[in-house]
Amino acid sequence: MNNIFDPHLLQTRRHFFGRTATGIGTAALASTLNPELFGAPTSATETADHGVLGQPHFPAKAKRVIYLFMSGAPSQLDMYDYKPNMAEMFDKDLPDSVRKGQRITTMTSGQKRLPIAPTLFNFKQHGQSGAWISELLPHTAKMVDDMAIIKTVNTEAINHDPAITYIQTGAQLPGRPSMGAWLSYGLGESSRNLPSFVVLHSSWSAKRDAQALYARLWGAGWLPSRFQGVSLRSQGDPVLYLSNPPGVSPDVRRNMLDTLAKLNEQQFAAVGDPEINARIAQYEMAYKMQTSVPELTDISGETQATLDMYGPDVHKPGTFAANCLLARRLAERNVRFVQVFIRGWDQHGSLPKDIRSQCGDVDQGSAALLKDLKQRGMLDDTLVIWGGEFGRTVYCQGTLTKTNYGRDHHPRCFTVWMAGGGVKPGIVYGETDDFSYNVVENPVHIHDLNATILHCLGINHERLTHRFQGRDFRLTDIHGRVVHEILA
């Protein structure tokens, strides 16, 4: 077989009919330059591309998602999962009846003892829901009546990279599309001048090494590359090569892209590779971003009251607070999926000191984001998620003292909260045992969590699929149930 014709075998039904007409590449370029010719919506709030689904499977409560991801696994025991009985068990061994032979990481499996380390931090009940929140999160505590706090999220993955890959893509092994890519593929573009999936990386205060975040975590896997996330930088051009080089004017850039599109169209006519059309769309989006991204990142028009709400760090590009404000601005511009990463939560030692710094980084920004969206009437159709890849152990890693301890990885239960976008406000869902070690009521596997997120966006997680190598794949693999109990 001649390899030049292999891409024809990869074409979808849509690509086939596009090629048999006038060519989807030319149509895509023309519709971009003059959408009205194609009857496309012209308002910034209307959908630009309906995606492979055409329409959601059922009416959506959420139009967009902001996912605040705490990479490194924040300790549920020190923040959300209050276990007062542990105070009297300081330095006692974790009972075998609790562990039940469950595997633990090699970082603590060699310890002679697994001594219990009660939290050093005080908890109080807040809001009408009476949720117990640590003193580490005074700003978040004020917003509990807008949140659904899920204490029983669980996963099989026990190490960072497989666990982050798992919760982001539905599989522990790399190579599958990320959640944002699935949404872009299924629902299409929602903003004409910005990507439908944007990733923001935050600086952190704890002076410790952190796990790397690989681009595959916001990648498109084997979906067309146009659906992958666009990562914005906090220094220099937000996107590499966003600015034209000296001597290249916007008109010159426009003429170059027009000529390049014609060449790409000829190549598509010859080999039919769908990725060529994805490249045309990416070039066009990059051109639009030369204007839209600088406007997006200019916060000089924000009111002083808004800036004060996010705190002093909002003026420092790349901080979590600054990225939370940027996430709200992206949501206003109808970007469908915004992922805000912050690393530094991997606290195997010196947890009391480091978690104070980490909570100081995220507490005010997270709460301000909810408050800001709510004030603008956007929280009802914006789903906000806060969480990491797994939790931390009740037993200490390393030396335990009255003022210091570390915690190992713990996948069997951890806390995630959700707000807005169809989620029931002011509830605490699920219960763990006295050691925050095992789930005793209402478990929520990460596949269930992802199925519920898709449901809020009007998607039946079993029906958003893509055929690859002879099999239909989906974000939730062959698992997942919608947690209707946390939905409004």
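Are Trp345 and Trp386 buried or exposed? Both are buried, where buried means under 20% relative accessible area, exposed means over 50%, and partly exposed lies in between (1.4 Å probe, protein chains only).

Before you go on, note that this is a predicted model, in which local features need pLDDT of at least 70, side-chain atom pairs count only at pLDDT 80 or more, and totals for chains, interfaces and linings use all residues. Residues are numbered from 1 along each chain as its sequence is written, and side-chain values use heavy atoms, with hydrogens and water left out.

**Exercise 1. Describe the salt bridge of Lys374 and Asp146.**

Step 1. Start with the general idea: side chains of opposite charge can pair when their charged atoms come close.

Step 2. Apply the rule. A salt bridge needs a side-chain nitrogen of Lys or Arg within 4 Å of a carboxyl oxygen of Asp or Glu. For Lys374 and Asp146 the N to O distance is 2.9 Å. The whole count by this rule is 28 salt bridges.

Step 3. Lys374 is in helix H11 (residues 351-375), while Asp146 is in the loop between helix H4 (138-141) and strand E4 (147-154); the two are 228 residues apart, and the pair links distant parts of the chain. Helices (H or I, at least four residues) and strands (E, at least two) are DSSP runs, numbered from the N terminus.

Step 4. Check the surroundings. Lys374 is partly exposed, with a relative accessible area of 47%, whereas Asp146 is buried at 15%.

**Exercise 2. Find what Glu332 and Arg376 tie together.**

Step 1. Glu332 forms a salt bridge with Arg376, with the closest N and O atoms 3.3 Å apart.

Step 2. Glu332 lies in helix H10 (residues 320-332) and Arg376 in the loop between H11 and strand E8 (382-387), so the bridge ties together parts that are 44 residues apart in sequence.

Step 3. Glu332 is partly exposed at 32% relative accessible area, and Arg376 is partly exposed at 36%.

Step 4. Widen the view: Glu332 and Arg376 belong to a network of salt bridges that also links Glu295, Glu302, Arg328, Arg329, Arg333 and Asp372.

**Exercise 3. Classify two aromatic pairs.**

Step 1. Learn the rule. Rings of Phe, Tyr and Trp (its six-membered ring) pair if their centres lie within 6.5 Å; planes under 30 degrees apart count as stacked, over 60 as edge-to-face and the rest as tilted. The structure holds 15 aromatic pairs.

Step 2. Trp222 and Phe468 lie 5.0 Å centre to centre with 20° between the planes, and the pair is stacked. Trp222 is in the loop between strand E5 (197-202) and E6, and Phe468 is in strand E16 (residues 466-468), 246 residues apart. Trp222 is buried at 17% relative accessibility, while Phe468 is partly exposed at 25%.

Step 3. The ring centres of Trp345 and Trp386 are 6.4 Å apart and the planes are at 80°, so this pair is edge-to-face. Trp345 sits in the loop between strand E7 (337-342) and H11, and Trp386 in strand E8, 41 residues apart.

**Exercise 4. Find a charge over a ring in an aromatic cluster.**

Step 1. Trp182, Tyr185, Trp222, Phe227, Phe468 and Phe473 form one aromatic cluster.

Step 2. The charged end of Arg471 sits over the ring of Phe473, 4.2 Å from its centre. The rule asks for NZ of Lys or CZ of Arg within 6 Å of the ring centre and within 35 degrees of the ring normal.
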